2 protein chains.
Amino acid sequence: MLQRIKQNIAQYAAIDDSQFHYFFSLLKRKQLEKQRPLLVAGDVCSFEGYVEAGCLRVFCTDTAGTDHVLAFASEDQWVVDIDSYSSQKPAQLGITALENTSVWLIDKASKECLYQRIPAFERVFRLMAQDAVAALQQRLLANMHQTADQRYLEFRELHPGLENRVPQYEIAAYLGICPEFLSKIRRKLMGGTAPGIS
Amino acid sequence: MLQRIKQNIAQYAAIDDSQFHYFFSLLKRKQLEKQRPLLVAGDVCSFEGYVEAGCLRVFCTDTAGTDHVLAFASEDQWVVDIDSYSSQKPAQLGITALENTSVWLIDKASKECLYQRIPAFERVFRLMAQDAVAALQQRLLANMHQTADQRYLEFRELHPGLENRVPQYEIAAYLGICPEFLSKIRRKLMGGTAPGIS
């Protein structure tokens, strides 16, 4: 498994084995059963996490009690409430497991030690953050001008196989539509206009 | 003016005078007249920019020819199409001046030299990118569950004074509503429920 984190990180900067050894020594594994929280809104997010197996949802609950899904994080993806993590203020977001999930966590103090000791990790997480900015801009623009059909197809492309693992109402809450409308879109696209949907 | 960039950067990491001197030597100033482009969609974004004076809009034009405003960048803010900049693929976004604007640019090759020579800048731009992620998440969630009234008030809070500098249809294109609806919101809020609107 650690081999996979290694590859995840190595795409951003050259890190040698002894540096990886130190990085790995800072990680703690956490196992979550389905529906258990990794972060509860109102708590401070003191970690960043790397998903080894399973799937998490990152969400916000509005004043009417409706959940809005900001992101899914499955295998080989990182997860954090970056606003709470950076400011150490209470999190606006919650993070819960949609499946039994295994995640490697690094706490903020350890991460700062990592940056001090191996500055190349600054580069790694700068480039990761830049990728996150690009992905969020793309999502925001999609919400502004794409149809729900297009957003659904983009979700499938970005998260291959995920729609067979995650309840439909979670995907609807990610797309910003009601579950009934998602069912309608899926039925329409299964009708033949979108090859590959089964 | 360079004093202001210095303060902007110094909030993220300790950079000494000789390091700032090198950083400043990599910047090039560009003056744009109102309505002139800094980046045209389809070109590759090879720079990051710091706005000294004026205001830019970052936008995307959909297939029907409608512009959607992703962001405004005014004094003391950074601007880039990070997706195009990172990948060096053609930009999906355009950037144009809404006022006569003065911007300091650093090109990608110079930025890489900067990171090599002064690794503390990795930290600066990592923290900046993290702030951008937090701001975009906030905006995405606002688009998912806030009313247009709330989004308008949030825009005013985030961009004090900007609504008196920028055409109303640009603000409407940022809020994802039509200009007529924005006028209606403004009239309603001027009616007394939002002190300070004039």
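Is B:Arg117 buried or exposed, and what is its relative accessible area? The points below take up this residue and then other parts of the structure.

1. Basis of the note. This is a predicted model, in which local features need pLDDT of at least 70, side-chain atom pairs count only at pLDDT 80 or more, and totals for chains, interfaces and linings use all residues. Residues are numbered from 1 along each chain as its sequence is written, chains are lettered from A and ligands numbered from 1 in the order in which they are written, and side-chain values use heavy atoms, with hydrogens and water left out.

2. B:Arg117. This residue is exposed, its relative accessible area being 57% (buried means under 20%, exposed over 50% and partly exposed in between, with a 1.4 Å probe and protein chains only). B:Arg117 belongs to helix H4 (residues 108–117) of chain B; helices (H or I, at least four residues) and strands (E, at least two) are DSSP runs, numbered from the N terminus. Between B:Arg117 and B:Gln19 there are 98 residues in sequence, but the C-alpha to C-alpha separation is 9.0 Å.

3. B:Tyr115. Helix H4 of chain B also holds B:Tyr115, which counts as buried at 4% relative accessibility. Not counting residues up to four places away in sequence, B:Tyr115 touches A:Arg123 and A:Arg126 of chain A, together with B:Phe121, B:Glu122 and B:Phe125 (contact means heavy atoms within 4.5 Å). The C-alpha atoms of B:Tyr115 and B:Phe125 are 9.7 Å apart, and the two residues are ten apart along the chain.

4. The H5 pair. Helix H5 (residues 120–145) of chain A packs against helix H5 (residues 120–145) of chain B at an angle of about 25°, and the axes are 8 Å apart. Axes are lines fitted to C-alpha atoms, for helices over the stretch in contact, and angles run from 0 to 180 degrees between N-to-C directions. H5(A) and H5(B) are therefore roughly parallel to each other (angles under 35 degrees). The crossing of H5(A) over H5(B) is left-handed, that is, the near helix is turned anticlockwise from the far one by less than a right angle. The contact of H5(A) with H5(B) comprises 14 nonpolar, six polar and eight charged residues; here Ala, Val, Leu, Ile, Met, Phe, Trp, Tyr, Cys and Pro count as nonpolar, Asp, Glu, Lys and Arg as charged, and the others, Gly among them, as polar.

5. Helices H1 and H2 of chain A. H1(A) and H2(A) pack at about 115°, with axes 12 Å apart, and the crossing is right-handed (clockwise). On the H1(A) side, A:Leu2, A:Ile5, A:Lys6, A:Ile9 and A:Ala10 meet A:Asp17, A:Phe20, A:Phe23 and A:Phe24 of H2(A). This contact has seven nonpolar, no polar and two charged residues. In H2(A) (residues 17–25), A:Phe20, A:Tyr22, A:Phe23 and A:Phe24 are buried, and their cover includes H1, H4 and H5 of chain A.

6. Nonpolar core. Of the 54 residues in the largest nonpolar core, A:Leu38, A:Leu56, B:Leu38 and B:Leu56 touch the most other members (a core is a set of buried Ala, Val, Leu, Ile, Met, Phe, Trp, Tyr and Cys residues joined through side-chain atoms within 4.5 Å). Beyond four places in sequence, the residues touched by A:Leu56 include A:Leu38, A:Phe72 and A:Ile95.

7. B:Thr96, in strand S7 (residues 94–97) of chain B, is buried at 13%; its contacts beyond four places in sequence include B:Leu38 and B:Leu56. A:Ser84, in helix H3 (residues 82–87) of chain A, is buried at 2%.

Key. Angles under 35 degrees count as roughly parallel, over 145 as roughly antiparallel, 65 to 115 as roughly perpendicular and the rest as oblique.
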